[in-house]
Amino acid sequence: MQFQQLQYFVAVAETRHFTRAADLVHVAQPSLSQQIKALERELGADLFLRARGNITLTDAGEALLPLARRILADADTARHEVQELVQLRSGRVRLGATPSVCTGLLPDVLRAFHDRYPGVRLMIEEGGSHDLVRELARGALDLALVVLPLPTPAPALTTVELLREDLVVVSSPDAPRPGQGRRTVRMSDLEGERLVMFRHGYDLRELTVAACRAEGFEPDFAVEGGEMDAVLGFVRAGLGVAVVPRMVAARSGRGLRVTPLARPGLHRVIALAHRSDVAPPRAARELQRMLLER
């Protein structure tokens with residue numbers, strides 16, 4: 001099995017067309033077809049069903065595709081690792097993070113990293129922990145900041161707890177204070193409050209809804225489906241209250257009232273994750289060190 005054959009196989013699998021795949025990898029279409037056939041002979045199985053105008057993966061092709069993508073991603077990582085200069089004057093870091101972490105934790109750390117290593121490109125991908133774990137597993141990210149516990153078991157990942165952050169309730173200063181004006185509120189005090197809620201797949205949504213149900217009530221949504229900036233904007237406009245990380249609330253500026261949750265409160269655990277079977281590139285390891293030592 002040759003590396004080039006896997007490249008051609010993934011190109012056909014993604015385009016579902018031999019000619020377009022050949023254009024994508026800059027090779028003549030007959031050469032690409034010959035290499036695919038050689039790969040099928042090597043594996044002893046057809047990888048594609050070739051109907052006129054319709055290319056689909058066989059079961060064997062479906063099984064090979066994620067493995068081939070991972071091999072290609074690892075090779076790409078290896079190239080970048082070798083190409084990085086000793087003094088970290090070049091390279092890249094592919095970092096995934098939940099949107100609230102991007103808003104609260106990352107700006108100061110990324111600024112310090114960029115000041116020290118201005119030649120390193122920082123590539124940030126926002127997403128929920130489930131999506132970030134999947135991207136890590138297939139080699140599309142070097143590091144990810146995720147919320148523990150992970151939504152699904154991930155034995156191929158190494159996670160290190162980074163911080164434990166309290167959640168707070170934010171509301172508009174022009175609206176009545178939640179919890180009948182007390183300086184702290186309990187989750188049970190949010191029964192009857194209209195909540196501004198994040199979109200599905202957002203870690204804070206799952207955490208908030210689970211906490212409400214643990215108190216015996218279903219949350220009442222005034223508006224739902226937003227990202228962090230949208231949720232904070234809706235709260236400022238007086239549409240309802242929201243449960244957000246303390247760090248985000250502290251950075252959100254004017255226009256929000258912040259009310260702590262009474263003990264035991266509500267918190268989340270942020271962890272730094274990377275694949276267990278592949279060491280992150282050098283630039284990523286340096287960012288990892290700065291995050292852990294922040």
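**Salt bridges, pair by pair**

Modeller: Asp-131 and Arg-134 are three residues apart in helix 7 (residues 129–137), so about one helical turn separates them. Their side chains meet in a salt bridge, with N to O at 3.3 Å. Asp-131 is partly exposed, its relative accessible area being 33%, and Arg-134 is also partly exposed, at 43%. Keep in mind that this is a predicted model.

Another pair is Glu-165 and Arg-268, whose closest N and O atoms are 3.3 Å apart in a salt bridge. Glu-165 belongs to strand 6 (residues 157–171) and Arg-268 to strand 11 (residues 267–275), so this pair ties together parts that lie 103 residues apart in sequence. Buried means under 20% relative accessible area. Glu-165, at 7%, therefore counts as buried, and so does Arg-268, at 4%.

In helix 11 (residues 282–293), Arg-289 and Glu-293 are four residues apart, which again means a separation of about one helical turn. The salt bridge between their side chains has an N to O distance of 2.6 Å. Arg-289 is partly exposed at 29% relative accessibility, whereas Glu-293 is exposed at 54%. Salt bridges with shared partners link Arg-289 and Glu-293 with Arg-116 and Glu-286 in one network.

Buried residues make up 46% of its 294 residues.

Note on methods: Residues numbered from 1 in each chain as written. Predicted model: local features only at pLDDT ≥ 70, side-chain atom pairs only at ≥ 80, totals over all residues. Heavy atoms only, no water. Buried < 20%, exposed > 50% of the residue type's maximum accessible area, 1.4 Å probe, protein only. Salt bridge = Lys/Arg side-chain N within 4 Å of Asp/Glu carboxyl O. Helix = DSSP H or I, 4+ residues; strand = E, 2+ residues; numbered from the N terminus.
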